[in-house]
Amino acid sequence: MSGIGRPQPALGLLRWALVAYLAIGGLPPAAGAGPALGLPRERTAPSGQAGAASTIEIRADSFGLPLAPDEVARLYDRPCVRLGVGDTVRFGATIKAEGDYTISFDMAPPTDASVSPPEGQLLIDGELPVPDARRIVFPLYYRDSTDEFPLDRYGNQVLIPQERYVRWTRVPMRDVNLSQPYPLRVHLTAGEHAFEFTLTKETMLLGSIYVEPSSPYPSYARYLQEHPATDSSGVLITLEAERPAYKDNASIRPLYDRGLEVTPYDTYRLLLNTIGGESWQQSGSTLFYEFDVPEDGLYCITLHALQSYKNNFTVFRRITINGLVPFEELNEVPFPYSARWRNITLGGETPYRIFLHKGTNTLALEATCSPYDTAIKNIKRSIADINALSLQVRRLTGNQADPYREWEIADYIPDIEGQLSAIATALAEDRAALVAINQGLNSQETMNYQMALDNILFLARDPDKIPIRMNRLSEGPQSATQLLGNVLSSLQKQPLALDKIYIHSPDTPPPPPRTSPLASFTEGVKRFVHSFGENPYYSIGAPENELEVWVNRPRQYVDLMQTMADQTFTPRTGVRVKFSLMPNESKLALAIAADVEPDVALGISTNIPFELALRNALKDLRSFDDFDSFIRIYSPGSLLSYVINDSVYAIPETQDFWVTYYRRDIMESLGLPVPQTWGEVIRILPDLQLYGMNYGTPLSGGAGLKGYLVTAPYIFNHGAQLYSPDGYATGLGSDAAITAIKFMAEQFTVYGMPLTVSSFYDSFRNGTIPIGISNCETYVKLITAAPEIEGLWGMALYPATVLPDGTQRRYATGSAQACIMLANTDKPEESWQFLKWWMSTETQTVFQEQLMMNYGKEYLWNSANVEAFRALAIPEEHKEVILAQWEWLQEPVKLPGSYIQERELSNVWNRIVFQGANPRVAIDDAIITINREMARKMEQLGYTRNGQRIVQIKVPTIDTVRGWMQGAEP
């Protein structure tokens with residue numbers, strides 16, 4: 001049995017040698033299985049006065065606000081108030097002695113709280129006492145909704161849906177990233193001080209507020225002196241780690257592990273038998289376990305853990321018992337890299353003996369990156385310094401990377417060598433500390449550190465060459481900025497997997513892990529042989545009495561869909577549903593040809609339904625009586641691609657958005673406003689280009705073909721139509737369309753926007769394109785993979801086109817994935833019931849919530865159901881921009897032969913921009929090609945015969961769909 005020893009000397013390089021101060025309150029012990037929580041009792045004085053314990057308690061009945069009648073409020077044994085966004089409580093406190101203090105809050109979320117955590121701001125004497133007091137984040141808690149893992153229809157365990165665990169807790173004021181080792185210290189002078197707390201997000205119930213002097217955690221030796229209890233004997237309690245009592249991050253999820261070392265184990269079935277891993281890596285994420293011990297005494301704790309996620313890297317956990325860190329050594333417990341599961345006893349070969357009282361105790365394990373906090377701060381500072389220096393160089397050179405031009409950079413930036421040397425010195429110190437923490441081993445983090453340091457030292461040797469070596473400073477994947485950004489992201493991730501937790505007496509060690517190469521080989525042979533048998537897992541085909549649904553999404557989505565359908569849809573309707581993976585959409589066409597198609601398909605690309613509908617392969621969804629009333633959940637323009645005359649052959653499932661992203665820090669440093677119209681974009685371009693920057697548009701990215709996704713908005717916003725009113729010819733010959741195409745090309749030929757941008761996200765991240773238009777993919781990357789610019793960027797609407805009459809239009813596309821019903825289904829009513837259930841606000845809200853809770857923000861679900869999207873747990877300021885842009889969502893209409901217009905519109909742009917063609921000539925040539933191909937396609941599909949029109953085409957518009965919605969019966 002291996003163990004974690006006491007802190008190594010190397011760890012003292014960062015902070016373990018520092019004297020800590022008391023984390024007041026912490027996370028209190030749970031009160032059994034009930035929703036309420038008994039807060040730890042302390043000696044307190046009357047409101048606003050220091051008592052014998054030097055603790056000041058300000059009770060809620062002194063806030064001057066109505067006391068909360070909420071059901072949760074009755075679970076708290078003191079007065080409390082309910083706060084909404086913008087509500088403020090003010091109070092005074094008399095400090096007897098000058099010193100450092102910590103501030104904590106008794107709080108609980110109300111029963112009607114959203115999935116986003118409450119946030120607040122604290123002012124003392126009218127000012128922020130520390131910068132992080134601007135944003136105090138309060139936790140929410142979750143727990144499993146059932147006692148046992150549900151089984152899917154194949155006997156495998158699946159995730160338990162999470163539910164909110166309403167509990168009162170005392171929350172100390174901490175830094176927003178929860179990366180510092182202790183609560184925030186506030187220095188207060190003796191005398192009267194005025195406090196002002198404002199809730200800035202969500203709602204919460206607020207009880208008492210405490211102001212306490214900070215003091216260090218005791219050492220382990222002192223802790224034993226203060227707890228002179230006897231060792232327990234003969235006790236061995238085993239907790240299966242995958243079943244915590246509750247947690248403060250719903251995305252920490254159980255995992256499958258097929259190894260013999262973990263329990264429970266099954267040869268053939270998938271069991272959720274571990275927890276954490278990469279889902280438990282965010283600093284501050286905490287798992288709570290409740291257990292009973294038979295008597296007061298000293299106990300040991302052993303974790304059966306695995307840290308194989310980051311090579312040669314040490315991750316950390318903070319251990320609390322009944323809401324408090326018992327002693328300093330448990331504040332930052334290291335877990336080094338190991339390729340195998342190990343029993344890790346706290347304290348190592350001489351285990352820590354921890355006092356537990358008889359009855360229920362609560363053990364909490366919090367992921368923490370606090371040993372790396374100094375390095376994280378220095379990296380952020382270094383990145384900011386590098387970006388500032390890079391901007392200075394761009395201002396000086398205009399980003400002219402001419403290798404034959406000489407610069408005397410030091411004449412214009414006299415301290416440039418000093419700046420680079422200071423950055424290099426800080427990086428060298430941090431790298432040495434990082435290597436020491438990881439016991440001298442070189443990890444990917446230390447290698448990135450070294451490469452960034454080498455770049456800075458290389459540039460410092462000859463600063464005059466920096467203008468032609470910006471790829472080493474701040475531009476490109478191997479620049480110092482990008483390398484440090486990668487290190488920053490990695491240091492903040494602390495992954496660890498747990499199988500079991502042992503609470504045991506010092507004389508009763510836990511059993512060693514099962515390790516047998518022969519047994520592992522035997523189990524592998526059994527599974528190999530079993531794989532040749534019948535395996536219905538996600539196979540194609542369903543019994544006659546089941547609805548068959550193919551899903552073009554990864555397994556995680558299908559698992560959750562199957563679980564939700566089995567638990568809600570089938571009990572309500574009696575209709576059984578079988579989901580199957582569809583890894584390739586081309587399989588759908590082949591299945592239709594072979595007459596083995598499903599009843600319903602989900603996750604279908606937007607361009608596919610029209611082509612299938614033309615060939616009578618899809619069911620007309622408007623044939624159902626309640627279709628028009630059902631589609632009120634959508635943006636009207638999102639259905640246009642699926643409309644043929646008065647029929648609709650698909651409904652949107654997910655929806656993209658095209659908005660303006662801008663680097664707040666760069667725009668402010670240049671003194672430039674965020675443009676709201678294309679005219680304003682044109683006006684800021686010279687200033688951006690002066691410093692070697694530019695504006696990004698979707699036309700700059702992607703392949704050579706510029707599809708409707710990026711070209712159609714120009715046509716819409718100039719008031720033009722893609723087709724003639726009768727639908728038999730192109731509409732690109734109108735004056736408005738010609739103006740739109742000219743502007744689309746002049747952005748590059750006249751105004752100098754970048755012709756090719758390989759990745760808007762990377763260019764935005766390194767600052768070469770600090771503003772531009774992009775979609776949901778960029779948004780997910782920015783909120784999950786760009787920590788170095790967190791808080792430095794914002795979103796605005798798609799730039800408006802101002803027409804001659806002053807009208808502003810900002811239409812943009814938003815196609816993503818769709819749902820279809822196959823024409824040959826023998827269960828049309830059941831299929832329509834399923835589609836309505838699947839896209840209903842209730843189902844979509846639960847699905848998107850469970851996805852993000854189970855798998856994190858990377859699995860953000862941008863539902864096409866606008867009502868469900870409003871409930872998505874993203875910042876309100878972002879959500880408001882997206883919803884406002886969706887009011888301008890317009891998909892291009894599809895008609896027979898429309899593919900040639902999409903292609904020719906792209907070709908026109910390419911000819912004008914790259915070949916210098918006359919716009920009018922290029923457009924006229926394209927019109928001839930488009931009309932000829934459309935006529936051929938119309939003849940082929942039976943719309944015309946011998947050139948005579950025999951089918952009247954209705955070209956749908958947004959008003960068409962809006963009329964269906966408004967005309968439907970409630």
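## A tour, stop by stop

Start with Arg 82: this residue is partly exposed, with a relative accessible area of 35%. Before you click further, keep in mind that you are looking at a predicted model. Its average pLDDT is 88, and 92% of the residues score at least 70.

**Stop 1: the partner of Arg 82.** Asp 112 is exposed, at a relative accessible area of 51%. Arg 82 belongs to strand E3 (residues 81-83), while Asp 112 is in the loop between strand E5 (99-108) and strand E6 (119-124), so this pair ties together parts 30 residues apart in sequence.

**Stop 2: the stretch to treat with care.** Select residues 1-53. Here pLDDT stays under 50, and the model has 176 contacts beyond four places in sequence for this stretch.

**Stop 3: the largest core.** Next, pick Phe 579, Leu 602, Phe 834, Leu 835 and Trp 838. These are the residues with the most contacts inside the largest nonpolar core, which has 128 residues. Which helix gives the most to this core? Select residues 735-749: that is helix H16, and it contributes eight residues. As a bit of background, nonpolar side chains tend to be buried together in soluble globular proteins.

Stay here and zoom in on Phe 834. What does it touch, leaving aside neighbours within four places in sequence? Show Leu 547, Val 549, Phe 569, Val 577, Phe 579, Val 600 and Leu 602, and you have its contacts.

There is also a second, separate core, with 75 residues. To find it, select Tyr 182, Ala 305, Phe 313 and Ile 503, which are among its members.

Stop 4: Side chains of opposite charge can pair when their charged atoms come close. Here are some to look at:

- Arg 622 and Asp 628: the closest N and O atoms of this salt bridge are 2.8 Å apart. Arg 622 is partly exposed at 23% relative accessibility, whereas Asp 628 counts as buried at 17%.
- Lys 781 and Glu 777: this salt bridge has an N to O distance of 3.4 Å. Both residues are in helix H18 (residues 776-785), four residues apart, or about one turn of the helix. Lys 781 is partly exposed at 31% relative accessibility, and Glu 777 is partly exposed too, at 49%.
- Arg 174, Arg 318 and Glu 366: salt bridges with shared partners join these three into one network.

**Stop 5: Asn 361.** Is Asn 361 buried or exposed? With 0% relative accessibility, it is buried. You'll find Asn 361 in strand E24 (residues 359-367). Its side chain reaches the backbone oxygen of Gly 359 at 3.1 Å. Now show Tyr 289, Glu 290, Phe 291, Val 293, Asn 322 and Leu 356: Asn 361 touches these, not counting residues up to four places away in sequence.

**Last stop: the cysteines.** Select Cys 300 and Cys 369. Cys 300 is buried at 2% relative accessibility, and Cys 369 is buried at 1%. How many disulfides does the structure hold? The count is zero.

Note on methods: Residues are numbered from 1 along each chain as its sequence is written. This is a predicted model: local features need pLDDT of at least 70, side-chain atom pairs count only at pLDDT 80 or more; totals for chains, interfaces and linings use all residues. Side-chain values use heavy atoms; hydrogens and water are left out. pLDDT is the predictor's confidence in each residue, from 0 to 100. Contact means heavy atoms within 4.5 Å. A nonpolar core is a set of buried Ala, Val, Leu, Ile, Met, Phe, Trp, Tyr and Cys residues joined through side-chain atoms within 4.5 Å. Buried means under 20% relative accessible area, exposed over 50%, partly exposed in between (1.4 Å probe, protein chains only). Helices (H or I, at least four residues) and strands (E, at least two) are DSSP runs, numbered from the N terminus. A salt bridge is a side-chain nitrogen of Lys or Arg within 4 Å of a carboxyl oxygen of Asp or Glu. A polar contact is a pair of N or O atoms within 3.5 Å; within protein, one must be able to donate a hydrogen and the other to accept it, and residues adjacent in sequence count only if both atoms are side-chain atoms. A disulfide is a pair of cysteine sulfur atoms within 2.5 Å.
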